[in-house]
Every structure is written in structure tokens, then in C-alpha cells.
Amino acid sequence: MRVPYQYRMYKRRVFYACGFVIAISLSLVAWKIFSSYIDRENIAREQSRTFVHAIEAHVFHSLQLIDLSLLGFSNALGLLPPAEQVSVDAIKRLLSSNGSLARSDYWVLFIDANGRGVAASNDLSVAGTDYSDRDYFRVHKANGAAKAAYVGEPDFGRVSRKRVFFLSRRVEDAAGRFLGVIAAPIEASRIASMFRHARFRDDVVIKLVHENGKTIASAPSFEENFTKDARHASHRGPEKPTMSTIYSALVSHGAGKPASASRPIDGLPLIVTVEVFPEGNYQALITDIKAGGLIILVVIALAVTTAHFAITSVDAVTRSRAAILKAERDVEIRVTQRTANLHDANRRLQDEVEERKEAAERLTLFEKCLAQLSDMVMITESYPLTSGGPRIIFVNNAFERQTGYDSDDVLGRTPRILQGPRTDRAELSRIRDCVARHEALKAELINYRKDGSEYWVEMEIVPVRDKNGECTQFVSIQRDITDRKSALDLIWKQANIDSLTGLPNRQMFTAHFGHQIKSVARSGGRLALMFLDLDSFKEINDVYGHDTGDLLLQEAGNRLKACIRDCDFVGRIGGDEFTILLTDLASNSGIERVAQEILAVMSRPFQLHQHTVFISASIGVTLCPDDSSVPGDLFKNADQAMYVAKSRGRNQYVYFDQQMQEQAQTKMRTASDLRTALSRGEFELYYQPIVNLANGHVEKAEALIRWKHPEKGMISPATFIPLAEDTGTIVSIGDWVFGEAARTVAAWRSRYRPDFQVSINVSPVQFKNSGIPHKKWVATLESLGTTGDGIVVEITERLLLDVEDSVRRQLLMLREAGMKMSLDDFGTGYSSLSYLKKLNIDFIKIDQSFVSALAMDSEDMILCEAMIAMAHKLGLKVVAEGIETAAQCSLLRTIGCDFGQGYHFSKPVRASLFEELLQSHSALMA
Ligand SMILES: Nc1nc2c(ncn2[C@@H]2O[C@@H]3COP(=O)(O)O[C@H]4[C@@H](O)[C@H](n5cnc6c(=O)[nH]c(N)nc65)O[C@@H]4COP(=O)(O)O[C@H]3[C@H]2O)c(=O)[nH]1
């Protein structure tokens with residue numbers, strides 16, 4: 001509310017008047033306090049003036065009496081006859097004569113012209129005492145003209161030792177000559193005592209001061225003040241009281257300044273001072289100030305009350321007026337607002353009509369859109385949340401198309417009709433919770449069509465709220481994501497599942513294995529990892545084809561799954577290798593039971609297409625944490641154990657042990673040494689004679705490599721050739737062997753037999769990758785000036801099993817270069833006779849396992865005979881290996897074996913030794 005100008009002016013005037021009254025009151029009170037203080041000061045000053053007069057008169061009178069006495073003595077002494085004037089006795093008598101002393105409260109002494117004491121009026125012995133330094137003596141001696149009395153400075157008496165001051169007179173003879181000084185030592189204490197008694201109040205100070213300033217007598221504090229300089233106080237004139245003296249009096253809490261008065265004593269160098277402290281002036285001042293303060297407070301209170309009353313009464317009037325004005329204005333505003341509201345309401349009404357029209361149009365449009373939408377739309381009520389959930393009140397065309405339900409089928413029913421056995425219960429429960437809280441949500445679920453088929457749906461459920469925020473319906477927009485799910489499923493499967501067997505692949509198995517190891521580390525359990533390799537799988541694959549091989553793997557996988565519990569895990573990690581993870585193990589017996597069962601099921605016949613196939617499995621087992629807790633190490637352990645199982649004859653399981661690891665490490669070190677062995681010249685070719693059994697001539701030799709390890713000594717090729725194959729060093733070794741053998745055969749051909757042949761072992765690995773360096777070998781032969789037929793290439797049946805076009809091509813190229821082919825270890829594998837023909841094999845070498853137990857009519861004899869007959873039929877020559885006895889040799893010769901090789905003839909020997917053999921030309925036939 002705005003305050004009117006007049007009212008503001010009025011208020012200001014009231015404030016001024018109030019301030020004026022208070023200021024006047026303050027001035028009056030201050031003036032009154034000041035004048036009272038001055039009055040009291042004046043009274044005190046007057047008192048001091050009156051009093052000093054009285055005291056001065058009293059002191060003067062007392063001294064005047066003594067002076068009269070002194071004057072008498074002075075005159076008397078001057079009149080003494082000259083002889084007596086120097087007589088001590090005469091003077092003593094004069095001074096002590098009763099008539100001469102009017103009073104007895106002082107005594108006199110005579111000092112001669114030289115300042116020496118002559119005699120005293122009492123018993124004191126002053127004769128000879130030196131007074132020449134006393135001021136009064138010097139004054140009288142010097143001032144012959146002035147014969148007045150003189151008062152000397154106060155001091156302690158030379159003889160009496162009392163506080164005294166001297167009233168004295170000059171003594172002259174009749175001729176005016178200075179005879180000495182008559183002095184009366186007056187005890188100052190007597191004067192002080194008189195002052196003490198004369199004081200009418202305790203705060204009155206009376207002093208008798210010598211003109212040189214020294215205090216003679218004072219009351220109070222006589223003894224302290226005696227001879228002290230009193231000039232400052234005694235000569236200070238009375239001060240006129242001012243405000244500052246009042247202030248001083250206040251701040252000094254009453255000490256104040258006294259009213260002082262002083263008077264010189266007529267004719268004597270003495271001053272009397274009286275100081276009177278204004279009686280109770282300080283207390284009176286305080287009382288005045290308190291009274292004044294009270295008066296001022298009362299005045300202020302009255303002024304403020306009056307002003308307040310004056311203002312509030314006017315305020316009330318002003319407020320009433322303002323309220324009336326405001327009320328008038330409010331009425332005016334309300335009228336204006338009402339009018340505006342009416343206008344607004346009218347406009348809103350029009351807007352609403354418009355909006356409703358638009359909304360109706362929009363609704364029609366929405367309905368059309370919803371119906372046409374490719375996404376399924378389902379609208380339900382918002383309740384009840386129990387007994388099957390809210391009822392469906394709307395579904396669109398897409399919903400009908402996708403689910404196969406007509407709207408009549410679903411309206412009034414609950415969305416539960418869409419759920420089925422594979423619908424995720426946890427997800428449903430989450431949906432129910434969100435719906436209960438009236439929250440929007442997204443979910444993915446498997447739903448079921450009317451015909452029972454399932455489909456994946458991605459849905460978004462949104463609550464619809466009325467204008468009060470209450471949830472009235474739920475709109476569910478759903479999209480069929482079956483294809484997307486299937487694609488994701490496929491990707492997941494491709495990444496994690498072996499497509500052939502449906503078992504977890506290496507990646508998934510490894511991940512699961514890692515989790516299990518961690519879980520065991522936490523819970524303290526135990527795991528067993530099994531590595532399983534199907535024995536002879538490669539052969540079956542090659543013999544029966546890949547389709548059959550695949551079928552075998554699938555069936556093997558199924559059999560493995562059947563052997564393990566739900567908590568165990570089986571995977572295929574590649575080729576014919578399977579891994580089995582056994583968890584929750586109480587003891588090793590569980591592992592053994594599973595391993596034995598696996599071996600048993602694997603050795604049962606497999607019916608693959610029209611073939612019945614028999615295989616076995618080799619299993620390596622390692623334990624976690626017993627052997628290790630590092631996944632990589634455990635895989636390696638199981639792998640090593642599996643190889644041991646294989647080397648021990650297959651179809652068995654072997655636990656990993658530390659020794660295997662050491663062997664593996666030794667193997668690794670050997671493999672590493674192998675890489676440098678060639679460059680260090682650690683290899684040497686030994687030669688074993690191959691003898692023509694018909695004539696006993698050494699017509700051929702087999703080159704057999706030897707490795708002279710600098711630390712381990714001679715290492716057998718049976719040990720390091722597989723290693724060289726694994727590491728690939730066999731390629732360069734094989735190359736070196738060829739070069740050495742070619743040089744040797746070239747030399748021996750030229751020296752001993754032009755048809756001499758040297759067989760070299762060629763590993764299947766040499767045929768892999770870039771293959772045999774055919775051109776290089778041919779070039780070597782050419783450089784040696786020899787033909788290819790001096791070299792017989794020994795291949796194993798293993799190579800034939802692996803036979804691929806590239807291998808066949810390489811073999812043909814070697815043949816084209818003139819080299820001969822020999823099939824080693826014949827009879828031990830799956831050699832197919834058709835290959836012998838196709839690859840133009842020249843020799844077969846009957847494996848020594850047939851020869852070692854050779855006896856007349858034995859099975860081996862029959863087999864050997866059959867092999868020889870078959871080879872001869874195919875136009876091939878036969879070499880029998882491992883002939884150790886003459887009997888074996890004889891039997892083989894009997895059945896038509898062409899060539900023989902074995903310790904019976906000679907062990908493999910150095911080239912130099914072999915040469916000696918050739919030189920001797922001796923027949924080696926027994
Ligand atoms: N018990 C017995 N053994 C006899 C008798 N006569 C010969 N032997 C041995 O039988 C093996 C014959 O060679 P292999 O079957 O080709 O078997 C060879 C061959 O497969 C491989 N090998 C040797 N040298 C080479 C080579 O230069 N390259 C390749 N790739 N492999 C080689 O190493 C294998 C073993 O060679 P070695 O230890 O030299 O063993 C030789 C030889 O010393 C006998 O009467 N009784």
C-alpha cells in the first residue's frame with residue numbers, strides 16, 4: 001500500500017517534535033548539573049580563602065611572639081659590655097634568664113660573628129657548633145642594613161636532631177658591628193600539630209612553606225612532606241571549574257581538584273596554604289547525573305509514547321482509508337477479471353470444441369493406422385492384476401494375422417492365451433511386477449499362435465493415464481522377432497557349437513573349463529579333464545570317405561554324451577579329438593568308471609551307412625588342482641597323457657604324471673637341438689646292405705640316418721625322426737639325406753657296381769606344403785653325373801593312406817627322373833593293392849615283424865609267401881627286412897623273396913666300412 005504524502009509529512013513532524021523535546025530536556029539537565037557543580041566549587045574556594053586567613057593569622061601571631069623575644073635578646077646582647085659580649089657564661093645567663101622567655105615551648109641560641117654556637121637558653125651544648133653554613137646566618141651576616149627577623153630553611157637541628165626551622169635576628173653592638181645571630185629553632189611538629197587541630201574536615205590540607213618552596217609543616221602527612229618542595233601546589237591559583245574539570249572529576253571517580261588558597265606571612269619568607277576539596281562534589285555530581293538521566297528517560301518515554309500515540313492514531317485512520325481504497329480497487333479488479341475470465345472461458349470453449357473435433361479426427365486416423373500397422377497392438381484394461389490379468393479390449397489386424405486369433409477370440413480374455421510351455425516364466429513375472437507398478441516396460445518373450453506354433457515377440461507395454469494421472473489401460477506393441485532370434489541363435493551356435501556333432505566347440509569348452517577351474521578354486525572341489533582321440537579314425541576316413549568319417553564322429557559324440565552326467569561337459573575340439581570335463585568328483589573311482597565306460601562304448605561296432613566299423617579310443621586324464629590349475633597346462637597334460645595312451649597300444653586311458661611332463665620337456669629340448677644339428681654337421685648316413693638272395697651279392701644299400709648329439713651321444717632315428725616330422729625339420733634333413741645318398745651312390749656306382757642302388761627313407765611330411773624339391777634333386781644327380789635309378793625312394797603305407805593328387809604327382813615326377821619306388825613296412829597297414837599299380841611301385845619291403853617269427857608253415861610264412869607271390873604277380877620285387885638268422889634267410893629264399901636285409905648280413909655301418917664290404921666282393925650268403 002502506498003503511504004500518502006501528507007501522512008508521511010505528519011509523521012516526520014511528530015518525530016521532529018519528539019526529538020526537540022528530548023534535546024531541550026537533555027540541555028536543561030546538563031546545564032543544571034554543571035551549575036550545581038560550579039556552585040559547590042565556589043563554596044569550597046570561599047572556604048579555603050577564609051580558612052587560610054585564619055591560619056596565617058595564627059602562625060603570624062605565634063612567630064611574632066617569638067620574634068619579640070628574639071628582638072629582646074638581640075638588644076640585650078648588643079648592650080652587654082664588650083668583655084661580656086664574648087663571655088659564654090654571661091651570654092648563657094642572659095639567654096636562660098626567666099624573664100627573658102615569655103614562653104617555654106621554644107629555646108634560643110646565640111651564634112657568634114664567626115658562625116660558632118656560643119650558648120643556648122636550655123641545657124643543650126651548642127658551644128663551638130658550626131652554624132656558619134646556615135642560610136639565616138649568612139643572610140644576617142651579609143645584610144647588615146636589614147635588621148628584620150629572618151626565617152631560615154627548615155632542617156634537622158644540629159644538636160637537637162629535631163625537625164626545626166629558625167626564626168632569627170642580627171645582633172649588633174652599639175656601633176653597629178655584627179656580633180652574631182640570635183636564633184630560635186622552632187619545632188615544626190608544633191606548627192603541624194596546630195594545623196591538624198585546626199582542620200575542620202579530613203580532606204582539608206594546610207601547609208606552612210618557606211619561600212624557597214620547602215615545606216616546614218603540613219597536616220596531614222607532616223613527616224613525609226617536611227622539607228619537600230611544595231611550590232607546585234602552594235603557588236597555584238584556584239582553577240575556574242569547566243566542563244573538562246567536571247569530566248576529570250567523573251573519570252577520576254571523585255579525586256577531583258581542590259579549591260586552594262595561600263597567603264604569605266607578612267614580613268617573613270613564609271606562605272600558608274589551605275586546600276579544600278569541594279565537599280561531596282563528586283557524589284553530588286553522580287547523584288545529579290543519575291537524577292538528570294532519570295528525568296531524561298522519563299522525558300524520552302513520554303515523548304515516544306506521545307509520538308507513538310499520535311502516529312498510530314493517524315496510522316489507523318490512514319489504514320482504514322487505504323483499506324477502503326484497496327477494497328474499491330479489488331472490486332474493480334475482480335470485475336475486470338471476471339469479465340476477462342468470461343472471455344477466456346468463451347475462447348476455451350471454442351478451442352475445446354475445435355480440439356475435440358480434431359481429436360475425433362485423429363482418433364479415426366489412429367484407429368485406421370493401428371489397424372494397418374505391421375506391428376501387433378493389443379490394448380488391455382489396467383486391472384485386475386490377479387486371476388489371469390487385465391482383459392483385452394482391443395487388438396489390431398496385425399495381431400489377428402500373426403497370432404491366428406480373431407478379435408472375437410481374444411476380446412474379454414487375458415493375454416495369458418498367448419503363453420505356452422517355453423514362455424520365460426521369470427520374464428513374465430518381471431512384466432507382472434512392472435504392470436502392477438503401472439510402469440512402462442520392454443520385454444522379449446516366446447508367444448504361441450492359435451495353432452500352437454511358437455514365435456518370438458519383442459514387446460513394449462505402456463500405461464495409458466487419464467487427466468488425473470490414473471492408469472486406465474495398457475497398450476502393448478509387439479513385433480515378431482523370430483527371424484532375428486533365429487539368426488542370433490545361429491551365430492551363437494556357429495561360434496560355440498561344433499556343427500557336426502552339436503557338441504560345444506573348442507572355444508566354448510575352453511570358456512566353460514575356465515569357469516569350472518575358478519569355481520573349484522573357490523569351493524575347493526576337483527575336476528578331471530579327459531582328452532580323447534579316436535584310434536585309426538584317419539584310416540576310416542580315408543578308406544570309407546569323409547561322409548562316413550563325419551557319421552562316425554557324430555555317433556562317437558552321442559555315445560560320449562551318454563556316458564557322462566548332467567553336470568559333466570563334453571566337447572569336440574577338432575578332428576577326432578574330444579574333451580570331457582568331469583566335475584563334482586569325490587574320488588578317482590568316478591573318473592575310472594567314466595573312462596572305462598567310454599572305452600567300452602567306443603569299442604562297440606559303429607554302423608555307418610552300409611559299413612560296420614570298429615574303432616577304439618585313447619584317453620589322457622589330468623586332474624585339477626592336483627596337476628595344475630592353469631587351463632593351458634591342463635590341456636597340455638591331458639594331451640601328453642593321451643599320446644602316452646596311444647604309444648602304449650591305444651584303447652586305454654592314462655593319467656598324466658610328472659614324468660610325462662619331463663619327457664615332454666626333454667622332447668622339446670631335443671626338438672630344439674634338432675634345428676641346429678644339421679648346420680653343426682651332427683648327422684651321418686649309415687648304410688645297411690641289401691643282398692640279392694639268389695646270388696648273395698650286395699646290390700643295394702639302405703641309407704639310415706644317425707644323429708651324434710654332442711651331449712647325449714648317438715640318438716636313434718626312431719626317436720628323432722617323428723620329432724623332426726612334428727617340427728618340420730624333416731624337410732631339410734630329407735634334403736640333406738638325398739644329397740649324401742646321391743653322392744655315395746654316384747661314387748660307388750663308378751667304383752664298384754654301375755647298377756648299385758641306395759634306398760632313402762622319405763617322410764610323408766616331405767611331400768606336404770611345397771613338397772619334394774624335385775628340380776633340386778634332379779640337378780644334384782646331374783651335377784654328380786649319375787642317373788636317377790641309383791636312388792630308391794622308400795615311402796611308407798602312411799603316405800599311401802594320405803595319398804592326394806599332389807603326392808601322386810610328386811611321386812611320378814621322381815619316377816620320371818628315373819628314381820625307383822619302394823613301399824616300406826609292407827603288410828602292417830591298410831595298403832591298397834591298386835595304389836601299388838597306380839604309383840608304379842618297384843619294391844615292397846616286408847616288415848620285419850613278419851620275418852622275426854618266421855618258421856616253416858607258420859602263419860607269417862604263409863603271409864610272406866602270399867605277399868611275395870602277389871608282388872611278383874604285379875611285377876614288383878620283394879625285400880625282406882630284419883633278417884637276423886640264416887634260417888630266416890633260407891626260408892625267405894625258398895619262398896622266392898628277391899632281396900634280404902638284416903643283421904644277419906650286417907648292421908647299418910659307416911660309408912667307409914660299407915665300402916670295404918663292397919671291395920671284398922665277398923658273398924655274404926651263409
Ligand atoms: N631289430 C633289427 N633291426 C634291423 C635289422 N636290420 C635292420 N634293422 C633296423 O630296421 C630299420 C630299418 O629301417 P626302416 O624300417 O626304414 O625304419 C627307419 C626309418 O623309418 C627311419 N629312418 C632312418 N633313417 C631315415 C632317414 O634318413 N629319413 C627318414 N625319413 N626316416 C629314416 O628310422 C627307422 C629306424 O631306423 P634304424 O634305427 O636305423 O633302424 C633300421 C635298421 O637299423 C635286424 O635284423 N633286426
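Start at the ligand and select β24 (698–709), α20 (717–727) and α21 (730–751): each supplies at least two residues of the shell around the ligand. Helices here are DSSP runs of H or I with at least four residues, strands are runs of E with at least two, and both are numbered from the N terminus. Among these elements, α20 gives the largest share of the shell, three residues. This is a predicted model, in which local features need pLDDT of at least 70 and side-chain atom pairs count only at pLDDT 80 or more, while totals for chains, interfaces and linings use all residues. Residues are numbered from 1 along each chain as its sequence is written.

Now show the whole shell. It holds 21 residues, and the closest are Ile705, Pro717, Asn761, Gly902 and Tyr903; a residue counts as near the ligand if its C-beta atom, placed from the backbone, lies within 6 Å of it. Colour the shell by class and you will find 10 nonpolar, nine polar and two charged residues. Here Ala, Val, Leu, Ile, Met, Phe, Trp, Tyr, Cys and Pro are nonpolar, Asp, Glu, Lys and Arg are charged, and the others, Gly among them, are polar.

Next, select Ala741, Ile760, Ile791, Val793, Ile844, Ile846 and Val878, which touch the most other members of the 70-residue largest nonpolar core. Buried means 20 or more other C-beta atoms within 10 Å of a residue's own, exposed means 12 or fewer, and partly exposed is in between, with C-beta atoms placed from the backbone. For a second, separate core of 62 residues, pick Ile111, Ala183, Ile191 and Phe222, which are among its members.

Then look at two cis peptide bonds. One joins Tyr383 and Pro384, with omega about -5°, and Pro384 sits in the loop between β11 (376–381) and β12 (392–395). Another runs from Cys624 to Pro625, with omega near 10°; Pro625 is in the loop between β21 (616–624) and α18 (631–647).

Ser221 has phi near 65° and lies in the loop between β8 (215–219) and α6 (222–225). Asn769, with phi near 50°, belongs to the loop between β26 (757–761) and α22 (774–784). Which of the exposure classes does Asn769 fall into? Asn769 is exposed, because 9 other C-beta atoms lie within 10 Å.

Definitions and conventions:
A nonpolar core is a set of buried Ala, Val, Leu, Ile, Met, Phe, Trp, Tyr and Cys residues joined through C-beta atoms within 7 Å.
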